[in-house]
Amino acid sequence: MPTAAYNYHMATIANMCRVFCSKHGISATSPPDLICVTRGPGMAGSLSSSTEFAKGLSVAWNVPLVGVHHMLGHLLTSFLPQHSQQDGQAQPPQFPFLSLLCSGGHTLLVLSKSISEHEIIINVSDIAVGDSLDKCARELGMYGNMLGRELETFINNIPQSEKDEFEAMNVDTRVNNKYKFRLTLPYQTPKNGKFNDGEIQFAFAQFLSNIQEYKKKFYTSDSETSEFDEKTKRMIAYKTQELIFDHIIDRINLSLKKHGLRRQADGKFIGVRDFVCSGGVAANKRLREKLFCELRFNEIGDEPFKFHFPDLSLCTDNAIMIGLAGMEIFEKLKLKTDLSFTPLRKWPLNELTTVDSWVKISEEEINKVCKY
């Protein structure tokens, strides 16, 4: 709800900043070295309330400002200290690496060659995975915000015996399926094939429409009941989340086959040894488990593939990731943002440095800010 979000931002940001500055001793006489703010992509109202506030602080405190790409922030959370599923404390990923960025607004597989060089390997053709999970949860009768997390909790509380039953169910067809619930992966039929116009894409809208069609067919006012019984609800929740994540795995595995990690295929992924999963949906432990177990990296030989899953607290939108991304842009790319900049509702990650308002900074300014 853009207007509600804008009003909430406007009502809270100043007092939040005042409390934060008071707690950490930040003031006009003791300002931070750098201000980082999300420039886009996102809703213009929410972005503008924050960017204008950041401009004001930059002017008042006379410190440089960096307008940060939201998804770059998620991508670089893997550079923060974390624990690997394989060997405890993990080293940051080394360029080039692959990132699955999955949130309420974006679902991307990105090949990153440096801080500024990002190629979108798989984009989404309709709605993002987080949006799909939220809407599916709402269709199942859940309410509030962060419904993807509510759905995960609901599924985690399903008895193991039922999970085993649901796992064994074939929902490719309604035949021999006592629930008559049918759900298939996108881009699997001869009509649409595995590719869309030669590209590999994600698609998540059909998971919602399947639930809606099922309700309409079997739970209308003309039927004996207009609501799911509790076990049917648990079955639909379990199978929907599983197949949404199976679709992600299927698309990435197809991409790995197409581009190759060594000399196979076109070799686009040669040199990639690290895989990052970040964004709000990356907090889902089942997704992490499936990525770790089901991605087919058998082409890389004896060298193990390293997975990077940011700490759960850093998966959802947060200030730390924007600060880190801003510092990397300032220090590594030697760029800051001119105060005439405006928010960017759309901003492809592969066009990170081609948008307007970037300003090259001098070594003197870098040394002043990076005096540590």
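Biologist: Which strand does S5 join in parallel, and through how many bridges?

Modeller: Strands are DSSP runs of E, at least two residues long, and helices are runs of H or I, at least four, numbered from the N terminus. Two strands pair if DSSP finds at least two bridges between them. Here S5 runs parallel to strand S9 (residues 274-278), joined by 4 bridges. Leu-100 stands opposite Cys-277 in S9. This is a predicted model: local features need pLDDT of at least 70, side-chain atom pairs count only at pLDDT 80 or more, and totals for chains, interfaces and linings use all residues. Residues are numbered from 1 along each chain as its sequence is written, and side-chain values use heavy atoms, with hydrogens and water left out.

Biologist: In which sense do S5 and S6 pair?

Modeller: Antiparallel, over 6 bridges, between S5 (residues 97-102) and S6 (residues 107-112). A hairpin of 4 residues links them. Leu-98 faces Leu-111 across the pair, and Leu-100 stands opposite Leu-109.

Biologist: What is the strand order in the open sheet of 6 strands?

Modeller: The order is S8-S7-S6-S5-S9-S10, with mixed pairing. S8 (201-202) and S10 (306-308) are at the edges, each with a single partner strand, so one side of each lacks a neighbour in the sheet.

Biologist: Which residues lie on each side of S5?

Modeller: In a regular strand the side chains alternate between the two faces of the sheet. Buried means under 20% relative accessible area, exposed over 50%, partly exposed in between (1.4 Å probe, protein chains only). On one side of S5 are Phe-97, Ser-99 and Leu-101; on the other are Leu-98, Leu-100 and Cys-102; all are buried.

Biologist: Which residues touch the most other members of the largest nonpolar core?

Modeller: A nonpolar core is a set of buried Ala, Val, Leu, Ile, Met, Phe, Trp, Tyr and Cys residues joined through side-chain atoms within 4.5 Å. This one has 61 residues, and those touching the most other members include Leu-100, Phe-275 and Cys-277. Helix H8 gives the most to this core, 12 residues. A second, separate core has 32 residues, among them Leu-76 and Trp-347.

Biologist: Which residues of helix H4 are buried?

Modeller: In H4 (residues 129-139) they are Val-129, Gly-130, Ser-132, Leu-133, Cys-136 and Ala-137. They lie on the same side of H4, because they cover an arc of only 160° around the axis, taken from the directions from the helix axis to the C-beta atoms.

Biologist: Is His-74 buried or exposed?

Modeller: His-74 is buried, at a relative accessible area of 0%. It sits in helix H3 (residues 70-76).
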